[in-house]
Amino acid sequence: MTAIAGQPRERRALLEAAGISKRFAGLQAVGGSEGLSFDVFAGEFVGLIGPNGAGKSTTFDLLSGVLRSDSGAVTFDGRDVTEADPHMHARYGIGRTFQTPRSFESMTVLQNVVAGATNPGERLGAAFGRKWRGGERSATDAAKRILTRVGLADRASAPVSDLSGGELRMLEVARQLIRKPTLLLLDEPTAGVHPGLQDRLAALLRDIHREGMTLLVVEHNLHFLLALADHILVLAEGELIAQGTPADIRVDPVVVSAYLGSDSAA
Amino acid sequence: MLLEIRGLVSGYGRVTVLHGVDLKASAGEIVVVLGPNGAGKSTLMKTVGGHLQPTSGEVLLEGRDVTGLTAQAAAKHGIGHVPQEHNVFRELTVRDNLRVAALSHRGTDSGFETVFERFPILAQRSSQRAATLSGGERQTLAVSSALIGEPKVLLLDEPTSGLAPLFIRQMVEWVQELADSGMGVIWVIEQNPEMILAASTRAYLMHGGRVTDEFEGRELLKPGRIRELLLEERQGAVGESPTA
Amino acid sequence: MLLLQFFVTGVVTGCFLILATIGFSLTRRVEGFLNIAHAELLGVSAFTTWWLNAELGVHVIVAAVVAIAFTALVGLLIARVIYDPIRARGPAVLLITSTGVAFVLGGVIDGLIGTGIRTLQIGLAHRYEVFGIRITSHQLLMVVLAAATSVSLAVFLNRTRTGLAIRAMSANPSLAASRGVNLSATSRATWLLSSSLAGIAGVMLAVVATLTTDLAFAQILQILAVAILAGLGSLYAVIVSGLLVGIAMDVSAFWIPAGYRPLVAFAVVIVVLVFRPAGLAGTRAA
Amino acid sequence: MNWPQLLVTVVTLGGIFGVVTLALNLQYARGGMINFGIVAYFAIGAYVYAIVTQRGPIGLDQYRFGFDWPWWSGLILAGIAALLFAALTGWPTLRLRGEYLALTTFAFAEVLHSLLLNERRIGNGTVGLANVDRPFSDWGPIEEKYVFAAAAALLLVLTLLAFRRLLSSPYGRALDAIRDDETAALAVGKAAERLRREVFLISAIPVGVAGAVYAMYTTLAQPSLFTAEITFFVWIALVLGGERSLYGVVLGTLGLVLFEEVVRAWPFETVRSAQIAASAEHVLTGLVFIAVLRYQPFQRTVSRLRVAP
Amino acid sequence: MGTNKRKWMRLFAVLFALSLVGAACGDDDSADQQDQDAEETASQPSEDAAGTDSETADETSPPTTEAAERGEVTVGVLVPLTGELGEFGAIVADAIEFGVSEINAAGGTRCGDIRTVVADTGGDAETGIREATNMIESEGAVAILGPTSGVMVPLVDLAHREEVVIMSPYAGTITLNELGGDFVYRTVSSDLGDGAASGLWLSSRGYESVAFLIQNEESTISPAEVARDEVNAAGIKITDFIVYNPGQPSYQAELTTVLANDPDAIFLAGGQESGVTVIKEAVAGGFEGEWLFTADLAVPEIFDAVGADLINDKAFVEFADVDPSLPEFISFEERYDKAGDPFAPNSFDMVTLVALALESAGGCDGAAINGTIRGVADSDGTKVSTFAEGRDVLAAGGTINYEGASGPLVFDASGTVSGAYTIQQAINGEWVNVEFYPASTFDR
């Protein structure tokens, strides 16, 4: 895909959004007049912020294939994924969590994580055989390790309905981690998470980032995000209004006015 | 005290969202509720409006216990609720939206006139379906509909999100008038709070299903104060003094 | 010319379908489930009319009015006693319960009425010919009644307080409650209304058809076809799709054997749903 | 009342319909698809079996095809035909959801029914194909009805085992994930569309085979056998048994068949009482549905037993 | 008022039946007994019969069924009591009951009194098969009497498998011409004759064009096709041949082309519900020609339902009939006040034949009946026309030739009798005989 204006291209971008947009019932949700364009580089920890209704979750939906962009293209790892189905996004290595945590209600916590892995036994032909049992065992082991890591080891056999909102978010992250995604999109990971757990979440994100996973995080809790991210994208009314390091963003008048109302911007 | 909420605990099914909320509003007051996404603001509004059953705590309206009423009963007692989403009947015309609100009330037409006078755009579109209105018009209609029922307390759940500043200013003026005429208003906001705060008498900051801070409205208008609150998001640390 | 005659017949068929479906659709819209027993309510009305008229010698118009009122009450009673307590179980359970209700109503009608030829004590239809197109007075009555019912239903829903409440409740029950609409009273009104609509259709059934105890239930298939096509919601779409199905069925008889009429009806449904997954009135979201 | 005979009938019919209910359970409770035209796949199985095994048309028969092949080939082809019909009907309908899928499948079943009713060249129209080949009539010492009951029970058990195996594999977990939260399942790479389609197709196979067995049992493939009533019946059994568990589903079906048979097994010695019984059966059946759906005794029993796979 | 009372009694009866079934589920044995007592049973258990049984059955295998051990032999009455053919089913069942009462009053058969078990098929084949199986397996029925065409054909296989005789007094379907003959009999001629009679009548009326309207059912399509061939052969123009599905509120779509072609006559082979609607709609639509109906509409109620003036003089009806001048029929008419009902004599003959077959057979099962029924129906022996006469002749060691109320009853290779047909005309709100085709008309 073509380069985006104003972006120096010294590194190859892992994810390129080039002029993507989405309209709902005639209302522009994402993209403005020219579409939304930005890059995420491999190994980065990128924050995506903006006031309510700025189009953050819609952008996530476009990047993860849940919605299809009205224009432009999304390239991931050199592959055009604009038209790919959502589950193919997941298979290409884009993982995501959701604004309201989603889980598989009929399963235990451990099963929820194991279900995150892709087992060859998920093919109809293989399901009746025995071959999937090996994969199942290693997935279960991996799931247990991950649960320990996110601090849910003692809840492994609990039904998910027993989990608190914060624990559900941790579970959602765990379910993605077992897939070892190249890029992980986290949608408001701290919402509804109590402060103690937030610290653990921060540590976890820092860890997985350090291990090489690229992260793109939507977060209202700027305190949390600005401390972790190394690059911030600011979205307002579907358009990218600013980007830069957390320090830049903190003092950017455009960002402040977007949050506090247009009056103060004028 | 017009409306008094004490130790309200509520949520969806097994998920508890509100962990004991206290809040007060007297007649003629505009009370603002601030807080990040997921803080429980909408849950609070829904519980007071009768759409969710609290598991404990109480809601008093003019000293009478109105805890756990149905939405219909709450409306009858004078609680007007404008939900954040789906707050108009999209398939119905503008006029019919207002007529529905007038169903449980008599002397409806004067109410219509007032609404149409104040918002000529609604009068113009009175026979259009509400789904065809712009965002601002729709919010205006939603608030107008709630007002037709002549509530004692008006619960506004972010009626200004995504609206142009002009509309917000109009709405603030209008709500101000309503408050001046003796109505209590509880206004949930998440963004563009400055204009609204200027009109408010009091503000509550919610976080994690609790009220973490309570301010006089003017206090928040001090330069940089909101920014500090919203950008340097507080962690809901209870020990922290509000005026520090 | 023959084709035109088929078309006219189709319009009449469509009008019956509208009468039979409009109440069903109203229930679906306000109460949120497919009330299979609606078809048996047609039977309740048809046989009440017949019993009063043919057995007791009551004038047919009086009999019809009584039958419609009786059917409305039966519908309301069923709703209060059977559907209301299990409302929380969701539309699937309600749907299957309504099948049970249909069985009970059908069985009771069958037990009370038994076999035999049953027709009303009314004269033979008059025939009118306009430019070689034939239409009988019963057919005209069907068209007029369908039109009158649709118009008065529209007026009722648009002009009266109850009608407005019904529309508000069907659009958004929780918002309606917030606006002070009495949901249970509105629900009762809806049942009375939709059941009396079934009553009207039942009277027409008694006027046109020779009654057997399973005739009413046999109509459920076409009711469903029209309702699906209409998009399970909009009352105006019911009128359009009723006519569409009726005309498609009868005009098809011009080319293919009339026995295939039900096939044509459902083929229309499938084709429409494939291209407009939410029915004629639906929005395009799948 | 002749209890052994009743038992044999209940096992036979319960086995046949149990298979259909199981398939429906797989489609609905696991795949999230409401199939309100399940009778069509059942009918296809019955007709294909009849057509494959019967002799060519004689006398005034109107049907065109009769291959006189052995019974087992009919059984296999019945399953395959049901699969193909599922592919045909699934292609346009499966992108629909909820009630719309329910009603489109219902419409397909009605189209098939109308076709069988009117198109005499397929299966003799209303007359149907009578005296369908029954393979077990010369199976030595054991009475045929017991062989039949055993065969139906075997089909049920095989279906149950196959489904259980499928559902306890990662495939089943993926299905559960999709049913619980499709968006979340997609986000972990589950191919929801493909899995749903596959479930729709494979669950049609046992339904087709059950249809064939039903045709053998009644020795009849006739449109009046395959009306929407079968669909209603199976759905009721599913809801009665509680849709979450395979065993509950079987229990619900057996219960319903038993109930029907007990009502039917009642000997009526006069015209009057038989006439009353016919309507009483309807009333009673209706009342039982209403009561069971309201109080859900089977569902409770099953959840108490906790036998869900 | 009388009819109203009946309605309420029906309601009570429904509730009563409900409570019975309720009781049955709790305690089946006692309820079983109670039911038998409560209902007006046509048969009374007779000790004498058991005695006769043991005397004559000594040289054969012992009675196999449970019922026979109790001194009873069970016969299933499988008729439609609900649905379109319900009226006919009731007539048949009543006539069978009358026959049974006569047989039992005469002391019952060698195998004991005849006990009937009645079931409603609703005209539905699957119900028919289930009920028949039930009758055979649970109730030990040795013969099943009264199924309609649509039910009869599917029962053929069952009859062969279970070795139970299946007989119908009105199943005319041509399919049975291929399948019947062994365990499968009927005391009515096949639709070949029915259709031929219709065709003969239509051809003889001097019509130039005829339209066929046929209900989509075995029992209506098969005679209609025969009639069509006949009419075609006579060079009469067939404007339409429309097969319609019953259960519709209106048949306008089917009638549109018929009315447009304006035939001289319409041959309507339909059930009562659809038939009445079709007639009314056709006349209302301007049809002024004549009608020929099939047996389903040969009932007096039709005048009330349609309106007598619509069809008076213009409508004819064709049905398999008995020769009213037969002495056997006259005698039957004297004993049974409903003898004039359609198929009543055929039904009476059917059950009497079964009883006589049992009487002359060596056993008490279906195979025994199958082995002797042709013999008692047609032989060089003594002519008899009641069970009592026949039994006496047999007891004396003679052979019998049953001459029934419905005719001489000679079964051909397919177990079918040849029959006579009557054409009646609607005159002053009544069906009046205008033509009689004796069985010999159709010998070919």
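**Chains D and E: questions on a predicted model**

Reader: How do H16(E) and H18(E) pack, roughly parallel or roughly antiparallel?
Author: In this predicted model, helix H16 (residues 344–360) and helix H18 (residues 387–395) of chain E have axes 10 Å apart and an angle of about 15 degrees between them. Angles under 35 degrees count as roughly parallel. The two helices H16(E) and H18(E) are therefore roughly parallel.

Reader: Which residues of H18(E) make the contact with H16(E)?
Author: H16(E) passes H18(E) in a right-handed crossing. From H16(E), the contact takes Thr352(E), Ala355(E), Leu356(E), Glu359(E) and Ser360(E). From H18(E), it takes Phe387(E), Gly390(E), Arg391(E) and Leu394(E).

Reader: Is Asn370(E) buried or exposed?
Author: Asn370(E) belongs to helix H17 (residues 366–377) of chain E. Its relative accessibility is 12%, and the cut-off for buried is under 20%. Asn370(E) therefore counts as buried.

Reader: Which side chain is joined to that of Asn370(E) by a polar contact of 2.6 Å?
Author: Beyond its neighbours within four places in sequence, Asn370(E) is in contact with Val165(E), Asp182(E), Phe183(E) and Tyr185(E). The side chain joined to that of Asn370(E) by the 2.6 Å polar contact is that of Asp182(E).

Reader: What share of the residues of chain D count as buried?
Author: Chain D has 13 helices and two strands. Among its contacts with a separation of 6 or more, 77% are between residues 24 or more positions apart. Of its 309 residues, the share that count as buried is 68%.

Conventions:
Residues are numbered from 1 along each chain as its sequence is written. Chains are lettered from A and ligands numbered from 1 in the order in which they are written. This is a predicted model: local features need pLDDT of at least 70, side-chain atom pairs count only at pLDDT 80 or more; totals for chains, interfaces and linings use all residues. Side-chain values use heavy atoms; hydrogens and water are left out. Helices (H or I, at least four residues) and strands (E, at least two) are DSSP runs, numbered from the N terminus. Buried means under 20% relative accessible area, exposed over 50%, partly exposed in between (1.4 Å probe, protein chains only). A polar contact is a pair of N or O atoms within 3.5 Å; within protein, one must be able to donate a hydrogen and the other to accept it, and residues adjacent in sequence count only if both atoms are side-chain atoms. Contact means heavy atoms within 4.5 Å. Axes are lines fitted to C-alpha atoms, for helices over the stretch in contact, and angles run from 0 to 180 degrees between N-to-C directions. Angles under 35 degrees count as roughly parallel, over 145 as roughly antiparallel, 65 to 115 as roughly perpendicular and the rest as oblique. A crossing is left-handed if the near helix is turned anticlockwise from the far one by less than a right angle, and right-handed if clockwise.
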